Every structure is written in C-alpha cells, then in structure tokens.
There are 2 protein chains.
Amino acid sequence: MIEKPLLEVCLSPALLHLYDTKDTIVVIIDVFRATSTIAAALHNGARAVIPIASVEECIALTNTVEGCITAGERDGKVVPGLQYGNSPLEYSAGFIGGKTLALTTTNGTKLLHMVRDADTIITGSFLNLDAVCTYLKKRGQKVLLACAAWKDRVNMEDTLFAGAVAEALQDDFALLCDSAQMAVSLYRQAQTAPSLLAFLEPSSHYKRLSNFGLVGDMAYCTTPNQHPVVPVYNGKELVAG
Amino acid sequence: MIEKPLLEVCLSPALLHLYDTKDTIVVIIDVFRATSTIAAALHNGARAVIPIASVEECIALTNTVEGCITAGERDGKVVPGLQYGNSPLEYSAGFIGGKTLALTTTNGTKLLHMVRDADTIITGSFLNLDAVCTYLKKRGQKVLLACAAWKDRVNMEDTLFAGAVAEALQDDFALLCDSAQMAVSLYRQAQTAPSLLAFLEPSSHYKRLSNFGLVGDMAYCTTPNQHPVVPVYNGKELVAG
C-alpha cells in the first residue's frame with residue numbers, strides 16, 4: 001500500500017514554525033481578500049501579481065516595472081498612495097489584462113514571505129477552489145494549507161476554505177493534524193447555513209468589512225470557482241501556473 | 001443596555017500573547033488529561049493540586065510537603081521517578097482524600113504558568129463543565145478559555161470543551177473572536193456523532209492515547225459533570241473554589 005501524502009493546516013502565521021515546509025506545497029490562504037484578488041487578477045489576464053511587504057516598496061515599484069499597478073490595504077482599508085484597493089471585483093479583464101499588479105495587504109502577503117523552504121508556494125481562495133484541489137491532487141505530495149488569519153489571530157473564513165480543500169482531498173491525503181480535522185468539521189457545519197457568507201456573519205472580518213460597505217465583495221469572495229487558475233509563486237511574482 | 005462581557009478562546013499557548021488577560025478569568029483547558037485529573041482529585045477531597053513545571057521539582061516537593069503525591073506525564077506517558085500517572089481514574093476519594101497532588105504534565109501545567117496577570121485562573125474539563133459555566137456566569141466578567149493544545153499545536157479536544165462552554169454562555173457573553181465562534185461550531189458538529197469520544201476519534205491525541213490502552217480514560221474524560229468542582233489557582237496551588 002502506498003502511503004498517502006500528508007495534508008496539514010496551519011491556522012495562523014504565529015504557528016507556522018510548528019510545521020515543516022520542506023518538500024511541501026504550501027497554499028497561502030487569505031480569503032478576505034488578498035488571495036481572492038490574486039485569483040481574479042491572474043485569471044483575468046494580469047501578467048503577474050507581485051506580493052509586496054510594505055506600502056513604500058509597492059509605490060517604488062511603479063518606477064521600475066512597466067505597466068505596474070499598485071494596490072492593497074491596511075486593516076481592510078485602501079492605503080493613501082496606492083492606486084487601487086484589495087477587491088477582486090476591481091480587476092476586470094479589460095483593466096488588468098497584460099498588466100502587473102503590485103499588491104500589499106495586512107496578512108496574506110506577509111505570510112507568503114514567511115514561508116522559506118517550501119517546494120512550491122501557491123495561493124488559494126474560494127474563487128479558485130477546484131483549480132487548487134485539482135493541482136494538489138495531481139502533484140500528490142505533502143501539502144500545508146496556511147491561513148493568513150488576522151494579525152496572527154485565527155479566523156473563520158481562511159479556516160473554512162482550508163476545510164473545503166481538506167474535505168475535497170480527504171481520500172487522497174492523510175489528514176493527521178487536528179487543525180485539518182477541525183477545518184473539515186467547520187466546513188461541514190457551514191453546510192447547515194443558507195450560504196458560506198451567511199455562515200461567516202458572526203466572524204470578525206465579516207463585521208469589519210461590512211462596516212466598510214463590502215458585503216458584495218465578501219459574497220463574491222465566497223462564490224466558488226469564478227476564477228479557475230493556480231497562482232504559483234516563482235520567488236518574486238505570482239503567475240498563472 | 002449593559003454590555004455583555006467578552007468571552008474569547010485561545011487555541012494554543014503560542015497564541016496567548018495575542019490576548020489581554022488583565023482583569024480576566026482565564027480557564028486553563030487540558031482535557032486529555034491534566035485538567036480532568038485536577039477536577040477528579042479536588043472533587044474527591046484532595047487538599048490541593050500543585051501544578052509543577054518540571055519532573056525534578058515535582059520529585060523534590062515530596063521532601064517538603066507532607067502527604068504529597070507526585071504524578072504526571074511527558075508525551076502522554078508516565079515518567080520514571082513519579083509515583084502516579086495523569087489519569088482522573090487513579091484519584092479515588094479513598095486514595096487522594098486529604099492529600100496534596102504535585103502534578104506535572106506536557107501542556108496543561110506549562111500553560112498555567114504562562115498566564116501572568118489574570119484576575120483569576122481556574123481549570124476546566126468536561127468532568128466539571130457545568131460547575132465552570134455556573135462559576136463564569138455568576139462572576140460575569142471577561143473570560144479567556146485557554147487551550148493547552150499539544151506542544152503548541154491546536155487540538156480538537158480542548159477546542160471542543162471551549163466550544164461547550166462558549167455555547168452554554170453565548171447569551172450572557174459576547175463571542176466576538178473567531179476562535180470562539182469556531183469552537184462553538186466544532187461543538188455543534190460533535191452533536192452529530194454518537195458521542196463526544198466518537199467525534200474525537202480522528203484526533204491526534206485519541207490516536208496517541210489509544211495506543212497506550214487509554215480509551216477508557218478518554219471515555220471518562222469526555223463524560224460531563226462527574227466532578228462538579230471549580231479548581232481555583234491561588235498563585236501556588238489549585239484548590240476547590
């Protein structure tokens with residue numbers, strides 16, 4: 001019998017050091033909204049998305065990269081000096097096609113830079129759920145689903161997405177860590193709600209973003225498979241894999 | 001309208017720094033098995049339980065404290081040099097009545113010593129679930145349910161107990177943190193299983209302890225309200241509150 005590869009879930013960047021990422025495919029998850037925006041931009045024809053740690057670096061990039069659009073948020077809000085926000089709905093094909101998106105966000109881009117020795121880093125969101133699952137199944141090697149969380153605090157929406165992936169892959173991977181089991185359980189419990197978004201209503205991020213008038217954005221971010229693409233990090237940029 | 005006090009859940013000692021424990025009642029949770037053993041020992045008449053960080057300190061205590069029994073585990077196994085293990089079933093009234101239990105464990109006692117400035121520290125387990133809930137409701141102030149986890153990795157059984165408490169107190173406290181919402185969701189999902197123990201079968205701790213022949217122990221630890229007591233930490237010892 002061939003042993004199934006391990007699929008683990010890390011619920012917060014503050015727990016990342018507990019996981020061995022060597023020879024591992026790491027999936028960065030920031031459902032609200034970095035990895036949703038990345039899926040939308042790449043699927044709609046962006047040449048690449050450059051994840052950037054600081055707002056300053058992001059702005060500086062417009063001088064060196066041609067056709068570069070700066071975008072991002074801090075604490076869920078657009079940052080002065082950046083051209084666009086962190087909404088997947090902003091990046092239509094007509095707008096983003098052929099361009100490069102330099103993106104800086106509170107949690108997702110930070111986590112991506114924390115992963116050091118992975119075999120491959122990709123990003124996941126409900127918008128590219130099936131594409132990510134198909135990719136992981138095809139690769140058939142060890143997986144870590146890494147939730148961006150909120151300032152290191154565990155969050156519901158990223159865990160929910162990890163649960164959706166773990167549930168879809170449970171026959172092909174070994175779900176030995178409790179976080180993976182808990183994520184699957186959360187995803188199953190969400191099936192009792194009218195929608196994924198309705199299930200997320202008690203979450204802190206739902207409250208934060210709905211106060212900024214972003215319920216429509218969240219509804220889009222929780223709609224599976226609108227952007228079937230696998231964003232792969234090449235050490236510098238995320239490109240459609 | 002009087003604002004409800006906050007009830008938060010910390011899923012791992014590695015996340016404890018994210019929570020403000022000032023003016024807070026902190027509930028230390030180590031279902032398998034430190035806080036289950038503490039509830040059993042105190043309810044069965046132990047004078048006190050002294051939580052100890054190291055095996056060496058634990059052994060040294062027998063020379064200074066009269067009627068002191070040393071007990072504990074490392075990695076779920078009894079440690080050479082300690083007199084007893086970490087099973088609530090070992091501490092019957094006839095055995096432990098009037099004695100002092102010096103207890104050292106992998107996760108639970110470590111976490112207890114990490115909490116610095118709380119208003120009150122108590123311990124919780126399914127064995128004293130209702131007693132803990134009644135106590136917290138009566139006190140009516142800010143609560144942090146702190147899971148001992150397993151070497152900083154989030155675990156199912158402690159989160160499940162946090163969910164049981166959060167669900168019982170949701171009308172009286174504000175559950176604003178996502179970890180609290182997720183714990184409640186896990187507890188609700190557990191209601192679809194034949195028993196709490198059956199729900200925990202995929203967990204890593206279930207596998208670890210069942211390999212040591214401890215399924216009976218875990219069945220006992222997941223049976224609510226066998227030991228209605230509130231263990232309160234006085235800075236040195238846990239005593240029946």
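Student: Which residues of α6(B) meet which residues of α7(B)?
Tutor: Keep in mind that this is a predicted model. From α6(B) come B:Met156, B:Thr159, B:Leu160, B:Ala162, B:Gly163, B:Ala164, B:Ala166 and B:Glu167, and they meet B:Ala180, B:Ala183, B:Val184, B:Leu186, B:Tyr187, B:Arg188 and B:Ala190 of α7(B). Sorted by class, that contact has eleven nonpolar, two polar and two charged residues.

Student: Why are α6(B) and α7(B) called roughly perpendicular?
Tutor: Their axes cross at roughly 95° and come within 7 Å. The label covers 65 to 115 degrees, and α6(B) and α7(B) are therefore roughly perpendicular to each other.

Student: What makes the meeting of B:Glu8 and A:Arg153 a salt bridge?
Tutor: Look at the N to O distance between the two side chains, which is 3.0 Å. The rule asks for a Lys or Arg side-chain nitrogen within 4 Å of a carboxyl oxygen of Asp or Glu, so the pair B:Glu8 and A:Arg153 qualifies. Across the interface of chain B and chain A, two salt bridges are found. The count of residue pairs in polar contact between these chains is nine.

Student: Which helices of chain B supply at least two residues each to the side that touches chain A?
Tutor: Those are α6 (156-169), α7 (178-190) and α9 (204-211). The largest share, eight residues, comes from α7(B). By class, this side of chain B has 13 nonpolar, nine polar and eight charged residues.

Student: How much area do chain B and chain A bury between them?
Tutor: About 2400 Å², with 56% of it on carbon and sulfur atoms. On the chain B side, B:Arg153, B:Asp178 and B:Met182 lose the most area to chain A, together 27% of what that side buries. The contact takes 30 residues from each of chain B and chain A.

Student: What kind of peptide bond joins A:Phe32 and A:Arg33?
Tutor: A cis one, with omega about 5°. A:Arg33 lies in the loop between β2 (25-29) and α1 (34-43) of chain A. In chain B, a cis peptide bond with omega of about 5° joins B:Phe32 and B:Arg33.

Student: And what makes the phi of A:Asp152 worth a remark?
Tutor: Most residues other than glycine have a negative phi. A:Asp152 is not a glycine, yet its phi is positive, about 75°. A:Asp152 sits in the loop between β8 (143-147) and α6 (156-168) of chain A.

Conventions:
Residues numbered from 1 in each chain as written. Chains lettered and ligands numbered in written order. Predicted model: local features only at pLDDT ≥ 70, side-chain atom pairs only at ≥ 80, totals over all residues. Heavy atoms only, no water. Contact = heavy atoms within 4.5 Å. Buried area = accessible area lost by both parts, 1.4 Å probe. Polar contact = N/O pair within 3.5 Å; in protein donor to acceptor, adjacent residues only side chain to side chain. Helix = DSSP H or I, 4+ residues; strand = E, 2+ residues; numbered from the N terminus. Nonpolar A, V, L, I, M, F, W, Y, C, P; charged D, E, K, R; others polar. Axes fitted to C-alpha atoms, helices over the stretch in contact; angles between N-to-C directions. Parallel < 35°, antiparallel > 145°, perpendicular 65-115°, else oblique.
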